[in-house]
Amino acid sequence: MAVVAMVMLLPASLHAAFEVETILKADIGAPILDVATNPAEELVFVLTPGAVLIYSTTDQAVLDRIPVEKQFDRIAYQDSDRLVLTAAEPSRISIIRFSRIYDIDLSGRAVKGPRDAKVTLVVFDDYQ
């Protein structure tokens, strides 16, 4: 009798709705061992045997590939520029630091030094 009373007291509809959006869909082409994300920069780090693939959810493309030793089977994102890789057998840990490199179009801009330099320093100034 108590069970019947409880059922009758519940609201007629206890329905929750969710909106779903696919952010990244990719064919990796290798076994996926683990995944870590950096939501602030919209990056997804996919650990595969021998490599970490860096995907951009904005561009829907691979930005880069970081070669790693094949025994690593777990990945974690740490801070803004580090990935922690671990392996169960043999028991190992490796922390790698990465830096994002941006291409900046300098055509029509004032340049000092050779145009084909390996490194370009760009200064964003406002002289108002």
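**Surface, sheet and salt bridges of the predicted model**

The accessible surface of the protein chain amounts to about 10700 Å², and 56% of this area belongs to carbon and sulfur atoms. The structure is a predicted model. Of the 128 residues in the protein chain, 21% are buried. Part of the accessible surface is organised as a nonpolar patch of about 450 Å², to which Tyr102, Ile104, Val122 and Phe124 contribute. Isoleucine 104, one of the residues of this patch, is located in the segment after E7. With a relative accessibility of 44%, isoleucine 104 is classed as partly exposed.

Among contacts between residues at least 6 apart in sequence, 23% join residues at least 24 apart.

Four of the strands form an open sheet with antiparallel pairing, in the order E1-E2-E3-E4. E1 and E4 are the edge strands, each of which pairs on one side only. On average, and with direction ignored, neighbouring strands of this sheet are turned by 20° against each other. Strands of a sheet pair through backbone hydrogen bonds, in either a parallel or an antiparallel manner. Between E1 and strand E2 (residues 43–48), the antiparallel pairing extends over five bridges. Threonine 37 has valine 44 in E2 as its bridge partner.

Side chains of opposite charge can pair when their charged atoms come close. Five salt bridges are found in a search of the whole structure. One of them is formed by aspartate 34 and arginine 74, with the closest N and O atoms 3.7 Å apart. Because aspartate 34 belongs to strand E1 (residues 34–38) and arginine 74 to strand E5 (residues 74–78), this pair ties together parts that are 40 residues apart in sequence. Aspartate 34 has a relative accessibility of 13% and therefore counts as buried, the criterion being a value under 20%. Arginine 74, at 48% relative accessibility, counts as partly exposed.

A further salt bridge is formed between arginine 92 and glutamate 69, whose closest N and O atoms are 2.6 Å apart. This pair also links distant parts of the chain, with arginine 92 in strand E7 (residues 92–97) and glutamate 69 in the loop between strand E4 (61–67) and E5, 23 residues apart. Both partners fall into the partly exposed class: arginine 92 has a relative accessibility of 37%, and glutamate 69 has a relative accessibility of 40%.

Aspartate 81 and arginine 82 form another salt bridge, in which the closest N and O atoms are 3.9 Å apart. Salt bridges with shared partners join Asp79, Asp81, Arg82 and Arg97 into one network.

Notes
Residues numbered from 1 in each chain as written. Predicted model: local features only at pLDDT ≥ 70, side-chain atom pairs only at ≥ 80, totals over all residues. Heavy atoms only, no water. Salt bridge = Lys/Arg side-chain N within 4 Å of Asp/Glu carboxyl O. Helix = DSSP H or I, 4+ residues; strand = E, 2+ residues; numbered from the N terminus. Buried < 20%, exposed > 50% of the residue type's maximum accessible area, 1.4 Å probe, protein only. Contact = heavy atoms within 4.5 Å. Areas by Shrake-Rupley, 256 points an atom, 1.4 Å probe, with all protein chains shown as cover. Patch = residues over 30% accessible without salt bridge, like charges linked within 9 Å, V, L, I, M, F, W, Y side chains within 5 Å. Pairing = 2+ DSSP bridges. Axes fitted to C-alpha atoms, helices over the stretch in contact; angles between N-to-C directions.
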